[in-house]
Amino acid sequence: MRFERFHPIGFGKFADFEFRLGPGLNVVYGANEAGKSTLLAFIELMLFGAKKDGLTRSHYLPAYDAYKPWSGVPYEGRLELSLDDGRSIEVFRRFERDSEAVTLHDLNLGKDLTGQFSVDTRGEVLFARELFGMTRAVFIGTTYIPQMGLVNGFGDAEEVGSHLVRNLSRSSRDASLSRAQSRLDDALAAIGKTDRGKRSG
């Protein structure tokens with residue numbers, strides 16, 4: 001799977017913003033408040049929704065209110081990705097509570113794929129879990145290095161490169177989700193407690 005394009009129509013500070021990724025490693029950088037963390041939150045919420053996982057009722061993550069558009073434009077976006085089988089898929093998601101929606105379209109065939117995926121008790125379409133074989137927690141823990149990870153966790157560019165290679169080599173297609181979750185839990189346990197308090201699940 002590869003991300004191709006992010007299009008927050010209305011998400012936090014972004015209003016009709018479009019960002020295309022190039023081939024290979026992409027580094028997102030900018031001054032404080034440029035929108036780096038907002039872009040990461042956009043990707044997460046586009047893939048997994050804004051509702052808390054594992055609940056039968058619709059409880060929203062704190063990010064839901066934090067990223068309501070500042071300018072009053074519709075709270076929605078599009079995300080384009082390429083799958084390993086050659087398909088290009090566009091995800092559209094509307095976040096507004098009274099008109100929530102998520103749809104998936106095969107851009108090659110012009111076909112709506114939304115009905116091909118399971119829907120859980122919250123009404124969330126589980127396309128990301130079924131396409132990529134990972135939960136929200138595994139996605140967040142393995143797909144990008146946040147800024148503070150660079151500041152606190154790595155000594156130099158070579159160490160960052162080694163970290164990326166290790167993560168890529170661990171993500172073989174036949175690796176089970178439980179083993180990935182176990183590796184993530186082990187890594188988090190090795191970090192230990194900080195004065196910031198316990199991590200939440």
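**Close-up views of a predicted model**

**View 1. The second largest pocket has a volume of about 230 Å³.** Of the 14 residues that line this second largest pocket, those closest to its centre are Glu-33, Ala-34, Gly-35, Ser-37 and Thr-38.

**View 2. Helix α1, which spans residues 36-48, contributes the most to the lining of the second largest pocket.** The contribution of helix α1 to this lining comes to 3 residues. Sorted by class, the lining of the second largest pocket consists of 6 polar, 5 nonpolar and 3 charged residues.

**View 3. A nonpolar patch on the surface is formed by Leu-25, Val-27 and Tyr-29.** Taken together, Leu-25, Val-27 and Tyr-29 have about 420 Å² of accessible area. One of these residues, Tyr-29, lies in the loop that runs between strand β3 (19-20) and helix α1. Tyr-29 counts as exposed because its relative accessible area is 70%, whereas the cut-off for exposed residues is over 50%.

View 4. The protein has 201 residues, and buried residues make up 34% of them.

Notes
Residues are numbered from 1 along each chain as its sequence is written. This is a predicted model: local features need pLDDT of at least 70, side-chain atom pairs count only at pLDDT 80 or more; totals for chains, interfaces and linings use all residues. Side-chain values use heavy atoms; hydrogens and water are left out. On a 1 Å grid over the protein atoms alone, a cavity is a set of points where a 1.4 Å probe fits but cannot get out, and a pocket is an open set with protein on both sides within 12 Å along at least five of seven lines; lining residues have an atom within 4 Å of a point. Grid points are joined across faces, edges and corners, and a volume is the space filled by probe spheres set on the points. Helices (H or I, at least four residues) and strands (E, at least two) are DSSP runs, numbered from the N terminus. Ala, Val, Leu, Ile, Met, Phe, Trp, Tyr, Cys and Pro count as nonpolar, Asp, Glu, Lys and Arg as charged, and the others, Gly among them, as polar. Patches are made of residues with over 30% relative accessible area and no salt bridge: like charges are joined within 9 Å, nonpolar side chains (Val, Leu, Ile, Met, Phe, Trp, Tyr) within 5 Å. Accessible areas come from the Shrake-Rupley method with a 1.4 Å probe; for residues, only the protein chains shown count as cover. A salt bridge is a side-chain nitrogen of Lys or Arg within 4 Å of a carboxyl oxygen of Asp or Glu. Buried means under 20% relative accessible area, exposed over 50%, partly exposed in between (1.4 Å probe, protein chains only).
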